[in-house]
Amino acid sequence: MQYTGIKNKTALVTGAGEGIGLAICELLLKAGANVVLNDVDEELAKKASSKLDAMHTGTCLSFFGDAGNIETINKMVDFTLEKFSKIDFVVPNAGITLFGDFLEFTPDSFQKVIQLNLQGAFFLAQRAAKEMIRQGIGGRMVLMSSQVGLRAYHNLTAYGMTKAALQFMGQNLAYGLGEHGITVNTIAPGATLTERTEKEQPDYEGTWSKLNPNKRVGRPEDIANTCLFLLSDEASHINGQVIPVDGGWTTAGKYPEDL
Ligand SMILES: NC(=O)c1ccc[n+]([C@@H]2O[C@H](COP(=O)([O-])OP(=O)(O)OC[C@H]3O[C@@H](n4cnc5c(N)ncnc54)[C@H](O)[C@@H]3O)[C@@H](O)[C@H]2O)c1
């Protein structure tokens, strides 16, 4: 099925030089949207956006900068409006995963996690909502939580807290912005095979194929497909929801230490 309401829309996706964000940009471009692809790694952002731009009908531009920084967020939205004259979709996808024992977790690590995962998503959503209300044509936001915002997990307390908070933020924004035709939903990805996760854990794919009830690891496309649906017209009555895309892990999946 081809979703409607994507063509000629303008999307801003953060943390999209690789991994889940990149897969979301690719599907959006394939469906005819114009995309601003943000990443904190300038080379990665440029390389990804020029590759996608050449492959698809929509236009892809890169915006380099820290998606947790409020000044950068405002510049990123200004850039989107300057280049495409409107903003329809926002996906604050950039997030940092810092593992660490609760008893040893440092204030510096805590601030890093909060700054990107919460401050970044909050102020991007705030600025985008102001523009969407001013435009008067509605809009869509998809927040990026995690399965560990739904179930406790070893050494991810701060990260899990931010991801749980994003789910609550999504509910509140849906309640407050619905009357403006803006929907806000949250995806809670399960363990997803990306360049980063592959490096973080030995045999990531093999391990998660054993832990997930559906016996496979998640792929960036699994998350991107759900995101595209939530951005489409077909999902216009879904608002304030959290959608786990995790192969069933949050039902009763096992932990790595159970193996
Ligand atoms: N991969 C997973 O298994 C998984 C599971 C659950 C939730 N998530 C969430 O999904 C989102 C994407 O995950 P991923 O694994 O694709 O991400 P990732 O860690 O691979 O990062 C993707 C991109 O974000 C960029 N980035 C990092 N910090 C940034 C910043 N401050 N500003 C802008 N860009 C920045 C990186 O350079 C990278 O290119 C994150 O919010 C993550 O917490 C991922």
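In what order do the seven strands of the open sheet stand?

## The sheet

The model is a predicted one, in which local features need pLDDT of at least 70 and side-chain atom pairs count only at pLDDT 80 or more, whereas totals for chains, interfaces and linings use all residues. Residues are numbered from 1 along each chain as its sequence is written.

The order of the open sheet is β3-β2-β1-β4-β5-β6-β7, with parallel pairing; strands (E, at least two residues) and helices (H or I, at least four) are DSSP runs numbered from the N terminus, and two strands pair if DSSP finds at least two bridges between them. Because β3 (60-64) and β7 (242-245) each have a single partner strand, one side of each of these edge strands is left without a neighbour in the sheet. Neighbouring strands are turned by 20° against each other on average, direction ignored, with axes fitted as lines to C-alpha atoms, for helices over the stretch in contact, and angles running from 0 to 180 degrees between N-to-C directions.

## Gly-65

Gly-65 is found in the loop between β3 and α3 (70-84).

Beyond its neighbours within four places in sequence, Gly-65 is in contact with Asn-38, Val-40, Thr-72, Lys-75 and Met-76, contact being defined as C-beta atoms, placed from the backbone, within 7 Å. The C-alpha atoms of Gly-65 and Asp-41 are 7.4 Å apart, although the two residues are 24 residues apart in sequence.

Methods: Two residues are in contact if their C-beta atoms, placed from the backbone, lie within 7 Å.
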